[in-house]
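Please look through the sequence and the model, then read the points below.

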Amino acid sequence: MNPLDKLITHFEKFPGVGARQAKRFAYHVLTLSKDDTAELSKLIAELRGSVNECASCHRYFNTQNNEQICSICSSNNRNHNRLLVTERDSDILAIERAGVYDGLYFVLGGTVPLLNASENKKLRGGALKATVEARIPTGLSEVIIGFSVNPDGENTARFVESIIAPLLLEKNIKISYLGRGLSTGSELEYADVETIKNALKSRT
Ligand SMILES: [Zn+2]
(Lines give C-alpha, C1' and ligand atoms only; values in the text may rest on other atoms or scores of the structure.)
Protein backbone atom coordinates (compact mmCIF):
# COMPACT_ATOMS: atom_id res chain seq x y z
CA MET A 1 0.00 0.00 0.00
CA ASN A 2 1.33 3.45 -0.87
CA PRO A 3 1.70 6.11 1.87
CA LEU A 4 -1.38 8.05 0.74
CA ASP A 5 -3.63 4.97 0.91
CA LYS A 6 -2.08 4.06 4.25
CA LEU A 7 -2.91 7.51 5.64
CA ILE A 8 -6.47 7.21 4.33
CA THR A 9 -6.80 3.85 6.09
CA HIS A 10 -5.68 5.47 9.35
CA PHE A 11 -8.18 8.31 9.05
CA GLU A 12 -10.96 5.79 8.35
CA LYS A 13 -10.39 4.37 11.83
CA PHE A 14 -11.14 7.76 13.45
CA PRO A 15 -14.52 7.96 15.22
CA GLY A 16 -17.29 9.17 12.96
CA VAL A 17 -15.09 9.34 9.85
CA GLY A 18 -16.19 7.50 6.72
CA ALA A 19 -14.20 6.51 3.64
CA ARG A 20 -14.95 9.74 1.75
CA GLN A 21 -14.07 11.99 4.64
CA ALA A 22 -10.88 10.00 5.28
CA LYS A 23 -9.82 10.72 1.71
CA ARG A 24 -10.57 14.43 2.15
CA PHE A 25 -8.43 14.53 5.30
CA ALA A 26 -5.53 12.83 3.55
CA TYR A 27 -5.68 15.18 0.58
CA HIS A 28 -5.90 18.10 3.00
CA VAL A 29 -2.65 16.94 4.59
CA LEU A 30 -1.06 17.14 1.13
CA THR A 31 -1.98 20.83 0.90
CA LEU A 32 -0.29 21.73 4.22
CA SER A 33 2.90 23.74 4.24
CA LYS A 34 6.16 21.98 5.09
CA ASP A 35 6.16 23.60 8.54
CA ASP A 36 2.60 22.55 9.32
CA THR A 37 3.29 19.00 8.15
CA ALA A 38 6.38 18.86 10.35
CA GLU A 39 4.49 20.23 13.35
CA LEU A 40 1.57 17.85 12.88
CA SER A 41 3.74 14.75 12.67
CA LYS A 42 5.83 15.95 15.64
CA LEU A 43 2.68 16.51 17.74
CA ILE A 44 1.35 13.04 16.93
CA ALA A 45 4.73 11.45 17.64
CA GLU A 46 5.13 13.24 20.98
CA LEU A 47 1.55 12.99 22.22
CA ARG A 48 2.08 9.73 24.07
CA GLY A 49 4.92 11.21 26.06
CA SER A 50 3.01 14.30 27.19
CA VAL A 51 -0.38 12.73 27.92
CA ASN A 52 -1.06 9.96 30.43
CA GLU A 53 -4.14 7.89 31.13
CA CYS A 54 -5.18 8.54 34.74
CA ALA A 55 -4.75 5.35 36.75
CA SER A 56 -7.88 6.18 38.73
CA CYS A 57 -10.52 7.61 36.36
CA HIS A 58 -8.85 6.55 33.07
CA ARG A 59 -9.22 9.91 31.37
CA TYR A 60 -6.32 11.29 29.38
CA PHE A 61 -4.57 14.30 30.89
CA ASN A 62 -1.56 16.48 30.12
CA THR A 63 1.40 15.69 32.30
CA GLN A 64 4.73 17.39 32.84
CA ASN A 65 6.32 15.11 35.41
CA ASN A 66 4.77 11.84 34.28
CA GLU A 67 2.11 11.92 37.04
CA GLN A 68 -0.15 8.86 37.02
CA ILE A 69 -3.20 10.47 38.67
CA CYS A 70 -5.03 13.41 37.09
CA SER A 71 -5.75 16.75 38.79
CA ILE A 72 -9.42 15.87 39.41
CA CYS A 73 -8.67 12.54 41.10
CA SER A 74 -5.86 14.01 43.19
CA SER A 75 -7.80 17.11 44.29
CA ASN A 76 -8.79 17.51 47.94
CA ASN A 77 -11.56 19.86 46.85
CA ARG A 78 -13.51 17.06 45.21
CA ASN A 79 -15.96 14.73 46.91
CA HIS A 80 -14.20 11.37 46.70
CA ASN A 81 -17.34 9.51 47.76
CA ARG A 82 -19.21 10.31 44.58
CA LEU A 83 -18.40 8.59 41.29
CA LEU A 84 -19.82 9.52 37.88
CA VAL A 85 -19.42 6.90 35.15
CA THR A 86 -19.14 8.34 31.62
CA GLU A 87 -18.64 6.87 28.19
CA ARG A 88 -15.66 8.97 27.12
CA ASP A 89 -13.29 11.78 28.09
CA SER A 90 -15.23 14.44 26.18
CA ASP A 91 -18.27 13.83 28.44
CA ILE A 92 -16.13 14.82 31.43
CA LEU A 93 -15.13 18.05 29.70
CA ALA A 94 -18.82 18.85 29.11
CA ILE A 95 -19.72 18.19 32.77
CA GLU A 96 -16.70 20.13 34.08
CA ARG A 97 -17.75 23.09 31.91
CA ALA A 98 -21.08 23.14 33.75
CA GLY A 99 -19.07 23.52 36.97
CA VAL A 100 -21.61 21.96 39.34
CA TYR A 101 -20.27 18.44 39.83
CA ASP A 102 -17.77 18.07 42.66
CA GLY A 103 -17.20 14.31 42.65
CA LEU A 104 -14.88 11.96 40.77
CA TYR A 105 -15.29 10.25 37.42
CA PHE A 106 -14.75 6.91 35.77
CA VAL A 107 -14.38 6.68 31.96
CA LEU A 108 -15.85 3.39 30.76
CA GLY A 109 -14.26 3.82 27.35
CA GLY A 110 -17.26 3.24 25.06
CA THR A 111 -20.76 1.86 24.83
CA VAL A 112 -22.37 -1.55 24.59
CA PRO A 113 -24.32 -1.20 21.33
CA LEU A 114 -27.88 -2.53 21.52
CA LEU A 115 -27.67 -4.23 18.13
CA ASN A 116 -24.19 -5.63 18.40
CA ALA A 117 -23.97 -8.32 21.01
CA SER A 118 -20.21 -8.85 20.63
CA GLU A 119 -18.37 -7.58 23.65
CA ASN A 120 -16.46 -4.31 23.28
CA LYS A 121 -12.99 -5.26 24.51
CA LYS A 122 -12.05 -1.64 25.16
CA LEU A 123 -14.71 -1.27 27.85
CA ARG A 124 -13.32 -1.09 31.36
CA GLY A 125 -16.01 -3.18 33.05
CA GLY A 126 -13.52 -5.08 35.20
CA ALA A 127 -11.69 -1.90 36.21
CA LEU A 128 -14.99 -0.24 37.14
CA LYS A 129 -15.91 -3.14 39.39
CA ALA A 130 -12.47 -2.97 41.04
CA THR A 131 -12.77 0.81 41.51
CA VAL A 132 -16.20 0.53 43.14
CA GLU A 133 -15.03 -2.34 45.36
CA ALA A 134 -12.01 -0.30 46.45
CA ARG A 135 -14.09 2.81 47.18
CA ILE A 136 -16.85 1.16 49.22
CA PRO A 137 -14.68 0.80 52.37
CA THR A 138 -13.57 4.45 52.11
CA GLY A 139 -17.15 5.78 52.13
CA LEU A 140 -18.52 5.66 48.57
CA SER A 141 -22.01 7.17 48.84
CA GLU A 142 -23.28 7.46 45.26
CA VAL A 143 -22.57 6.21 41.74
CA ILE A 144 -24.04 8.34 38.97
CA ILE A 145 -24.54 6.73 35.57
CA GLY A 146 -23.98 9.43 32.98
CA PHE A 147 -24.53 8.11 29.47
CA SER A 148 -26.23 9.67 26.49
CA VAL A 149 -29.98 9.22 26.16
CA ASN A 150 -30.19 6.85 23.22
CA PRO A 151 -30.63 3.07 22.88
CA ASP A 152 -26.87 2.40 23.09
CA GLY A 153 -26.51 4.64 26.13
CA GLU A 154 -29.40 2.89 27.87
CA ASN A 155 -28.00 -0.51 26.99
CA THR A 156 -24.62 0.56 28.41
CA ALA A 157 -26.34 1.72 31.60
CA ARG A 158 -27.81 -1.76 32.00
CA PHE A 159 -24.37 -3.27 31.42
CA VAL A 160 -22.87 -1.06 34.14
CA GLU A 161 -25.73 -1.84 36.50
CA SER A 162 -25.17 -5.56 36.05
CA ILE A 163 -21.58 -5.08 37.20
CA ILE A 164 -21.98 -2.71 40.12
CA ALA A 165 -25.59 -2.88 41.34
CA PRO A 166 -25.06 -6.08 43.37
CA LEU A 167 -22.08 -4.48 45.16
CA LEU A 168 -23.95 -1.23 45.86
CA LEU A 169 -27.34 -2.63 46.86
CA GLU A 170 -25.71 -4.79 49.48
CA LYS A 171 -24.25 -1.68 51.13
CA ASN A 172 -27.26 0.56 50.51
CA ILE A 173 -25.25 2.88 48.23
CA LYS A 174 -27.27 5.05 45.88
CA ILE A 175 -27.22 4.62 42.08
CA SER A 176 -28.58 7.60 40.19
CA TYR A 177 -28.99 8.45 36.53
CA LEU A 178 -28.01 11.66 34.85
CA GLY A 179 -29.88 10.72 31.66
CA ARG A 180 -33.32 11.29 33.12
CA GLY A 181 -32.67 15.03 33.12
CA LEU A 182 -31.55 15.05 29.48
CA SER A 183 -34.00 14.93 26.62
CA THR A 184 -34.30 11.75 24.56
CA GLY A 185 -31.67 11.37 21.87
CA SER A 186 -29.32 13.92 23.38
CA GLU A 187 -25.61 13.22 23.60
CA LEU A 188 -24.00 14.26 26.84
CA GLU A 189 -20.92 15.57 25.04
CA TYR A 190 -22.98 18.12 23.13
CA ALA A 191 -25.39 19.11 25.89
CA ASP A 192 -25.19 22.76 26.94
CA VAL A 193 -24.17 23.94 30.38
CA GLU A 194 -27.74 24.63 31.60
CA THR A 195 -28.96 21.21 30.48
CA ILE A 196 -26.13 19.48 32.33
CA LYS A 197 -26.69 21.59 35.45
CA ASN A 198 -30.38 20.64 35.45
CA ALA A 199 -29.63 16.99 34.72
CA LEU A 200 -27.28 16.85 37.70
CA LYS A 201 -29.70 18.65 39.99
CA SER A 202 -32.64 16.48 39.06
CA ARG A 203 -30.80 13.16 38.90
CA THR A 204 -32.70 10.28 40.42
ZN1 LIG B 1 -8.33 10.89 37.15
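This is a predicted model: local features need pLDDT of at least 70, side-chain atom pairs count only at pLDDT 80 or more; totals for chains, interfaces and linings use all residues.

Leaving aside its neighbours within four places in sequence, which residues is Gln 68 in contact with? They are Asn 52 and Ala 55.

**The chain as a whole**

- The chain contains seven helices and six strands.
- The C-alpha trace spans about 60 × 40 × 35 Å along its principal axes.
- Of the 204 residues in the chain, 25% are buried.
- Among contacts between residues at least 6 apart in sequence, 55% join residues at least 24 apart.

**Gln 68**

- Gln 68 lies in the loop between E2 and E3.
- Gln 68 counts as partly exposed, because it has 13 C-beta neighbours inside 10 Å.
- Leu 32 is 36 residues from Gln 68 along the chain, and the C-alpha atoms of the two are separated by 35 Å.

**The largest nonpolar core**

- In soluble globular proteins, nonpolar side chains tend to be buried together.
- The largest nonpolar core here has 33 residues.
- Cys 57, Val 85, Tyr 105, Phe 106, Val 143 and Ile 145 are the members that touch the most other members.
- Two or more residues come from each of strand E3 (79-86), H4, strand E4 (103-107), helix H5 (125-135), strand E5 (142-146), H6 and H7.
- E4 gives the largest share of this core, with four residues.
- Val 143 is in contact with Leu 83, Val 85, Val 132, Ile 164, Leu 168, Ile 173 and Ile 175, leaving aside its neighbours within four places in sequence.

**Helix packing**

Two packed helices are described by the angle between their axes and the distance between the axes.

*H1 and H2*

- The axes of helix H1 (residues 3-12) and helix H2 (residues 19-31) cross at roughly 130 degrees and come within 8 Å.
- At that angle, H1 is therefore oblique to H2.
- The crossing of H1 past H2 is right-handed.
- From H1, the residues Leu 4, Leu 7, Ile 8, Phe 11 and Glu 12 meet Ala 19, Ala 22, Lys 23, Phe 25, Ala 26 and Val 29 of H2.
- This contact of H1 with H2 has nine nonpolar residues, two charged and no polar.

*H4 and H7*

- Helix H4 (residues 89-98) packs with helix H7 (residues 193-201) at an angle of about 85 degrees, and their axes are 8 Å apart.
- H4 and H7 are therefore roughly perpendicular to each other.
- H4 brings Ala 94, Ile 95, Arg 97 and Ala 98 to the contact, and H7 brings Val 193, Ile 196 and Lys 197.
- By class, the residues of the contact of H4 with H7 are five nonpolar, two charged and no polar.

*H5 and H6*

- The axes of H5 and H6 cross at roughly 20 degrees and come within 10 Å.
- With this angle, H5 is therefore roughly parallel to H6.
- H5 passes H6 in a crossing that is right-handed.
- On the H5 side, Gly 125, Leu 128, Lys 129, Val 132 and Glu 133 meet Val 160, Ile 163, Ile 164 and Leu 167 on the H6 side.
- The contact of H5 with H6 has six nonpolar residues, one polar and two charged.

**Residues with a positive phi**

Most residues other than glycine have a negative phi. Two residues with a positive value are described below.

- His 58 is not a glycine, yet its phi is positive, near 75 degrees.
- The position of His 58 is in the loop between strand E1 (51-53) and strand E2 (60-62).
- Is His 58 buried or exposed? His 58 is buried, because 20 other C-beta atoms lie within 10 Å.
- Asn 172 also is not a glycine and has a positive phi, of about 60 degrees.
- Asn 172 sits in the loop between helix H6 (151-170) and strand E6 (174-177).
- Asn 172 is exposed, because it has 7 other C-beta atoms within 10 Å.

Definitions and conventions: Residues are numbered from 1 along each chain as its sequence is written. Axes are lines fitted to C-alpha atoms, for helices over the stretch in contact, and angles run from 0 to 180 degrees between N-to-C directions. Angles under 35 degrees count as roughly parallel, over 145 as roughly antiparallel, 65 to 115 as roughly perpendicular and the rest as oblique. Two residues are in contact if their C-beta atoms, placed from the backbone, lie within 7 Å. Ala, Val, Leu, Ile, Met, Phe, Trp, Tyr, Cys and Pro count as nonpolar, Asp, Glu, Lys and Arg as charged, and the others, Gly among them, as polar. A residue is buried if 20 or more other C-beta atoms lie within 10 Å of its own, exposed if 12 or fewer, and partly exposed in between; C-beta atoms are placed from the backbone. A nonpolar core is a set of buried Ala, Val, Leu, Ile, Met, Phe, Trp, Tyr and Cys residues joined through C-beta atoms within 7 Å. A crossing is left-handed if the near helix is turned anticlockwise from the far one by less than a right angle, and right-handed if clockwise.
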